[in-house]
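These are my notebook entries on one predicted model.

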Amino acid sequence: MKNTKSPESLISTTAREVPPSAIREFFDIVYSMPDCISLGVGEPDFNTPWRISDSGIYSIKDGNTHYTSNKGLLELRKLITSGFESRFGIGYSPEDEIIITLGVSQALDLALRSIINPGDEIIIVEPCYVSYKANISILHGVPVAVQADPSDGFRIDPEKIRAAVTPRTKAILLNYPSNPTGASLDRHALEKIAAVAVENNLLVLSDEIYSAITYENEHLSIAALPGMKERTVYLNGFSKSHAMTGWRLGYVMAPDYLIAPMLKIHQYTALCAPTMAQYAAIEAIEKGEKDVRSMKNEYFKRRNYIVTRFNDAGLKCHYPDGAFYVFPEISSCGMTSRDFALGLLKSKKVAVVPGTAFGAVGEGYIRCSYATSMENITNALDRIAEYVREL
Ligand code: PLP
């Protein structure tokens, strides 16, 4: 009998229905424009510090080309848990309460897979990282968006989180400092969110991937607040702090009742994180602090410069608390974020991301990454100022 199935019918409904990233359309154009300046990328422009790369290379030369334990190298797990304890005073067992993962991306996926039953709601704070909604929907969960406050540098009012809780809510997914706004959360806000979680018996998934790039204030993890370790899934990694995006290395820490199901899924789907990357990460923790500091200092200088330039160009821009993004307002130009970004790209060859890529509340804003050279930032801002003048 002839097989009459269409190619499309072979694809799962879930895969068919998940929308492609809203940024893709822009980057298809950017890649076809060689002299375009991109403020669109979400990764450090620095190469991985050499001593870290060298350790990875050396580990290969030394024959470390095999699987590690599913949980990751014990030495690395110990360094991470003891580093967290000395920073925040909360201990995790390196044996049972941590898994080394393929970036925060996999750590988050493991966490969501381990907790979501179809229809479960996960509260997210928009504007947020482009993957969150899709990550939840792919697992048949329901992302419930609450809006951060544009008039407060896009910080979230914890009362909005409280108001979004329903009997189906399973967890609150936080990211601070935030991609795309750079907004962070102080102790007071974290305590209020923690109270919502405790009162409603919710988990908190805390994506703190930009925590090492926090400027004026000290970063605090929600996991370190009293009573929160038991309901927090702490996610972090080396991509942003140590300029190691291509090494694909992150980790998840949580109490063992949460780590055990994640480990089962990890065993079946990934086995372990890349071995050479784990050796590089050991070096990153033991010797990389100076590199982290010097990259942060450079981002800090760029942040101050780019914020001033946007405000001088007539586009209101707040000082982000951390990460390497600014989120200036463009609504005064009388255009949508998408039209502004497309026009800028076509007429001045500068790539930025429309704020709507991160949620509807991003309308009227654009995201610009300053993880690029001062020279690029200066030239891009000259062109943006000219574009705004000519509108
Ligand atoms: N979480 C946030 C908020 C991000 O911005 C990114 C990358 O841009 C990730 C997670 C993914 O990071 P990783 O490279 O560790 O998978």
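**Cavity**

I found that strand E3 (121–126) and strand E5 (169–175) each supply at least two residues of the lining of the largest cavity; helices (H or I, at least four residues) and strands (E, at least two) are DSSP runs numbered from the N terminus. E5 contributes the largest share of that lining, three residues. I worked on a predicted model, in which local features need pLDDT of at least 70, side-chain atom pairs count only at pLDDT 80 or more, and totals for chains, interfaces and linings use all residues. Residues are numbered from 1 along each chain as its sequence is written, and side-chain values use heavy atoms, with hydrogens and water left out.

On a 1 Å grid over the protein atoms alone, a cavity is a set of points where a 1.4 Å probe fits but cannot get out, a pocket is an open set with protein on both sides within 12 Å along at least five of seven lines, and lining residues have an atom within 4 Å of a point. I noted a volume of about 180 Å³ for the largest cavity, a volume being the space filled by probe spheres set on the points, which are joined across faces, edges and corners. Of its 20 lining residues, Val125, Pro127, Phe154, Asn175 and Ser178 lie nearest the centre.

**Second largest pocket**

I recorded a volume of about 850 Å³ for the second largest pocket. Among its 32 lining residues, Arg87, Ala212, His242, Glu289 and Val292 are the closest to its centre. H4, E7, E8, H10 and H11 each supply at least two residues of this lining, and H4 gives the most, with six.

**Strand E8**

I then turned to strand E8 (residues 250–253), which is covered on both faces: Gly250 and Val252 on one side, and Tyr251 and Met253 on the other, are all buried, that is, under 20% relative accessible area with a 1.4 Å probe, protein chains only. E2 and E8 run antiparallel and are joined by four bridges; strands pair if DSSP finds at least two bridges between them. Tyr251 is the bridge partner of Ile100. Strand E7 (residues 232–237) also runs antiparallel to E8, with four bridges, and Leu235 has Val252 as its bridge partner.

**Helix H10**

I checked the length of helix H10 (residues 275–287): at 1.5 Å a residue its 13 residues should span 18 Å, and its end C-alpha atoms are 19 Å apart, which agrees. The expected span is 1.5 Å times one less than the number of residues. Its buried residues include Thr275, Gln278 and Glu283.

Methods
Buried means under 20% relative accessible area, exposed over 50%, partly exposed in between (1.4 Å probe, protein chains only).
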